[in-house]
Amino acid sequence: MSARAAILARLKCPAPIASEAAALLRAPERPAVDVTNLESEFLARLALPSVNASHDVVASLTDLPAAIARYLADQNEPLTLCCPPDPRLDVCDWSAFALHATAAPDETATLAIARTAIAETGSLIFETSPTAPMLPNFLTLHHIVLLPVSAIAAHLEDAPLPGPQPRAHYWITGVSGTTDIEGTYVRGAHGPRFLHVILLRGELPHMAD
Amino acid sequence: MSSFTTRADAALADPILKIAVERTAGTAQAKRAIAIDAFPDFEAARTRAAAIKDHVIAHLGPYLEQFEASAIAAGAQVYWAQTADEACRIVIAICKAAGAKTVARSKSMLGEEIGLPHALEEAGIGRVETDLAEHIIQLADERPSHIIWPAMHKTSEQVSALFKAKHRTPHQEETIAAMAQSARRELRGAMLGADVGISGANFLIADSGAVCTVTNEGNAELSLVPPRVHIVTAGIEKIVPSMPHAIHMLRMLARSATGAALTQYTTFYTGPRRPGDRDGPEEMHIVLVDNGRTKMREEGLAEMLRCIRCGACMNHCVVFRQIGGHAYGGTYPGPMGAVLTPTLDGLAATRDLAHACTLNGMCQQVCPVKIPLPTLLRGWREKSWREGLEPTSMRAGLGLWAWVATRPALYRLGTAIAIRAIRLLGRKGWIARLPLAGGWTQYRDLPKPAAQSFMAQYHQEQRK
């Protein structure tokens, strides 16, 4: 008998009834979020010591390079940026920057676009795709994230995409940290030491199919 | 192998261990309390979390088949292993087929449980532990002493000395931040150069075939995205029906483990790299491991399969706080370990773990999935008694006690004499040494008993 058959033989049990599984999700207990004020709720979580992120606001996408330049200057970093191959960013004037698409092992600054964000926890939500690589967001020292204000949702249940899932769906809630030595919190363990969110008041262009 | 008593004695005699355990477990306990206070519905959420897990355990077979079908549809390969050895053989075979020289491993207790680090070593495959704590214990050639903080038993001074001896460019400053940076420098290249990334799973999502990992360091993603092959080893009880079910469990896990609302990085991996993707593994292999879990379900330990490995039970355990994790001798320490280890390693060799418990109930009170740990531990005590594993002195002592206890007059006389005798040993309200119980009083003082037993006082009151 194969291991699969042997395990399943010991687990002979009725198939779950979908309504039973759904009933377990009725009115879930979750931290309160003021749904009429998602932006300030999100920003409040973003500023918590456990999340440890900074933020800025731009009116339109064309203001993005100046906001990134401002942030990097404040951090005494050069205007060098690992930028995802996302055509929506083509409307920006990147002439002041040295841009590249592949992150170096010790990348300084990386830009990413969050699909949505969650006010409950201050999480930024991403998916992998041909225009959205994952690795640069973890190799970089400064993770800079563009987020349309209109995309902020209330609870973690609003994070997943419906239907077939992308290769990786991931939530980033703060900077890389560790408490592995004596329980003492240290930021910048393996991943980014700084997380900077740039809120976009205007709309992002739709992705071409 | 040394006995639990010997290991516990050694742990109690180690003053540095006590400091190290207290620093981390104390912080964890305080942070959890703050997080729970900020989530007023936590008690109701525990009930729901237990119900979700019970539902999955009641329908585990069909859910595993659903997960398997979903994962295969997403392009992953799924394997089943009944035992630890079988699981290791599967992993090694995948590594060899991939021509792997080195693997990057993201912390997984299941990996420790099945002995994967050792199996990789035997197969001549280089292993890089990427979680900071696992990196520390790999350098020290030790085993984890806690399921969330595997290097909890080490002080910062000990970690500093270790890094200075083993890292290529160690820290100069004596700060914990500088030590973490030293590990970052040491590990980054190893992660990017690994042929295979190996992880566990915090949750397996049945309806999508996704595998969820959580970390605060981001080491899972850095270990699993660059290599060409991603291997997951997961216990079969890690299944949840869907993402929203996983979300409820994630709310419980982070608060109970570290006191955060959520871990910094929560990732759901569904199959290998898709056409056009810029990164990600070309192959994804998922090994579903039983290793005693179906047996637990059959033999009255189904509630233990609710466990989401948060570590709250050990952080709040008065015994763990005294002796740390290594004294337990198994992969899993603390109360949850004392319940799991007899299943994994056999009751005959581990019967005394169930006795390393005051039954104060703290573990059950803080468990996010309401596992009745004290009841399960009592179950092991009873089984050990039934199977004749308790030592002769214990059996004789309990037999004598039972004989006297069924003769009330004799029992009252005996306790009256004992109280008088024990009171003679009292100094300033405490008894520091007891004849025939030197082992017990070596680490504890006993309060001086009242002049009369409860029953004697009760009868006196009744006569008034």
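What are the percentages of helix and strand over residues 112–200 of chain A, and how far apart are the end C-alpha atoms? Over this stretch the chain is 4% helix and 39% strand, and the end C-alpha atoms are 13 Å apart. Helices (H or I, at least four residues) and strands (E, at least two) are DSSP runs, numbered from the N terminus. The structure is a predicted model, in which local features need pLDDT of at least 70 and side-chain atom pairs count only at pLDDT 80 or more, whereas totals for chains, interfaces and linings use all residues. Residues are numbered from 1 along each chain as its sequence is written, and chains are lettered from A and ligands numbered from 1 in the order in which they are written.

Residues 112–200 of chain A are listed by UniProt, in an unreviewed entry, as "domain: LUD". The record places a feature of that name, also from an unreviewed entry, at residues 64–289 of chain B. UniProt positions are given in the numbering used here, feature names are shortened, and annotations may be inferred rather than shown by experiment. Over residues 64–289 of chain B the composition is 42% helix and 21% strand, with the end C-alpha atoms 11 Å apart.

In chain A, strand E7 (residues 142–148) has pairing partners in strands E4 and E12. Two strands pair if DSSP finds at least two bridges between them. Strand E4 (residues 109–113) of chain A runs parallel to E7(A) and is joined to it by five bridges, with Ala109(A) opposite His142(A). Strand E12 (residues 194–200) of chain A is also parallel to E7(A), over seven bridges, and Leu146(A) has Ile198(A) as its bridge partner. Six of the seven residues of E7(A) are buried, so this strand is largely enclosed by the rest of the structure. A residue is termed buried if 20 or more other C-beta atoms, placed from the backbone, lie within 10 Å of its own, exposed if 12 or fewer, and partly exposed in between.

Pro65(A), located in helix H4 (residues 64–74) of chain A, counts as buried because it has 21 C-beta neighbours inside 10 Å. Its C-alpha atom is separated by 6.8 Å from that of Asp93(A), 28 residues apart along the chain. Leaving aside residues up to four places away in sequence, Pro65(A) touches Cys92(A), Asp93(A), Trp94(A), Ala96(A) and Phe97(A). Contact here requires that the C-beta atoms of two residues, placed from the backbone, lie within 7 Å.

In chain B, an open sheet of six strands has the order E1-E10-E7-E4-E2-E3, with parallel pairing. Strand E1 (77–81) and strand E3 (126–129) of chain B stand at the edges, each with a single partner strand, so one side of each lacks a neighbour in the sheet. Neighbouring strands are turned by 20 degrees against each other on average, direction ignored. Strand E2 (residues 102–105) of chain B is joined to E3(B) by four bridges, and Arg105(B) is paired with Glu129(B).

Helices H16 (residues 334–345) and H19 (residues 373–386) of chain B pack at an angle of about 35 degrees, with their axes 10 Å apart. Axes are lines fitted to C-alpha atoms, for helices over the stretch in contact, and angles run from 0 to 180 degrees between N-to-C directions. The residues of this contact comprise nine nonpolar, no polar and no charged. In this classification Ala, Val, Leu, Ile, Met, Phe, Trp, Tyr, Cys and Pro count as nonpolar, Asp, Glu, Lys and Arg as charged, and the others, Gly among them, as polar.

The contact between the chains takes 81 residues from chain B and 57 residues from chain A. On the side of chain B, the largest share, nine residues, comes from helix H10 (residues 176–193). By class, that side has 39 nonpolar, 25 polar and 17 charged residues.

Strand E9 (residues 168–172) of chain A pairs with strand E9 (residues 265–269) of chain B in the antiparallel sense over five bridges. Within this pair, Ile172(A) stands opposite Tyr265(B), and Ala168(A) stands opposite Tyr269(B).
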